Amino acid sequence: GLLVVLALILIGAPAHFFNVGFTPLLADVIPESRRAAIFTARNVVNGATLSLFVFLYGQWLEAGWAPFPGNYQIMYAFGFVFAMLSQFFLHKVGVPKKAVLEVPTVKNTPRKQWAALREMMRSQPAFRRLTFNTILHALGLWCVGPLYIIYYVRELGASDGWVGLMGTVASLSAILGWMIWRPIVVRYGEPRILRYVIVLLGLIPLMIGLLPNLTLILFVVALNGLLAPAVNLSHFNILLKVMPPDQRPVFTALYTTLVNMGAFLCPMIGVLVADWIGLAPALIGFGALSILGSTSFWWQRVLPDRPTAVDPVS
């Protein structure tokens, strides 16, 4: 068990370095007018692939054609080989050349780092507001993250088959959600869509806590799959807009660091609270906390409401 945890940590660590470069790369190679269409297509393909291979891997493991642990080793080896295809296509992306900024060498002390952090936040008020609002919105959702599966299995008696069905419902509804929200986001603009929809995501854990029925929970999971793409698409596009183009890697690292601090601490808090008051009350309470935090997008607006540049993909 300890080795599995260590392996997961090793898998996650390089992903943070990757994101610091990949997010600015997307902004550099995809024009603003096409981001909604391309990000939607990317996530639809990802969701469809995920749905297919989760099903196929499940059939492979259940069939018992290879003994444990060989069945898992073969599955992971197969996944690794196909994952390397993404590296091949990533290297083929043409990145426009731009001037490299000279970064002055300074003594790396905590005080200087803190001063630099404050200056970055002060110089970009839209970035500061988006980061602050995002953390307030996500506190409840981060806390509730590890509670779902415990609640489904321990208190509602969910089987492996139901968990697999839930994953399929989540993936398929998300695919539909991306297709529905792309033209809506383009027409009405990311700030307006984000402000209206992000408040609704807190209803998901609240409803799950109030509906102790696995069948009804599948409908709530589907609702989350339909709503989340609106938030993901509008939020990511706004994030790219509020970062200075010539400093996107630095601001991406800052944003990722601040957000991951909350994402690291909150699940532990969520488990402690659930042990104290129970799983269902914790789901309801953290859902209400997310709704309350999401209202920050109303009273501290990041960007003015305006439609996105015309999306050329019909």
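Ile 284 touches Pro 205, Leu 206, Gly 209 and Leu 210, leaving aside residues up to four places away in sequence; contact means heavy atoms within 4.5 Å. The model is predicted: local features need pLDDT of at least 70, side-chain atom pairs count only at pLDDT 80 or more, and totals for chains, interfaces and linings use all residues. Residues are numbered from 1 along each chain as its sequence is written, and side-chain values use heavy atoms, with hydrogens and water left out.

**Ile 284**
- Ile 284 belongs to helix H12 (residues 279–294); helices are DSSP runs of H or I with at least four residues, numbered from the N terminus.
- With a relative accessible area of 27%, Ile 284 is partly exposed, a class between buried (under 20%) and exposed (over 50%), for a 1.4 Å probe and protein chains only.
- Ile 204 is 80 residues from Ile 284 along the chain, and their C-alpha atoms are 9.1 Å apart.

**Nonpolar core**
- The largest nonpolar core comprises 66 residues, and Phe 127, Tyr 151 and Tyr 152 have the most contacts inside it; such a core is a set of buried Ala, Val, Leu, Ile, Met, Phe, Trp, Tyr and Cys residues joined through side-chain atoms within 4.5 Å.
- Helix H10 (residues 214–242) gives the most to this core, with 13 residues.
- Among the residues that Tyr 152 touches are Trp 162, Met 166, Leu 214 and Val 221.

**Helix H2**
- The buried residues of H2 include Arg 35, Phe 39 and Val 44.
- These buried residues pack against helices H1 (2–29), H7 (160–188), H10 and H11 (248–277).
- Gly 64, which follows H2, has a positive phi near 70°.

Notes
Helices (H or I, at least four residues) and strands (E, at least two) are DSSP runs, numbered from the N terminus.
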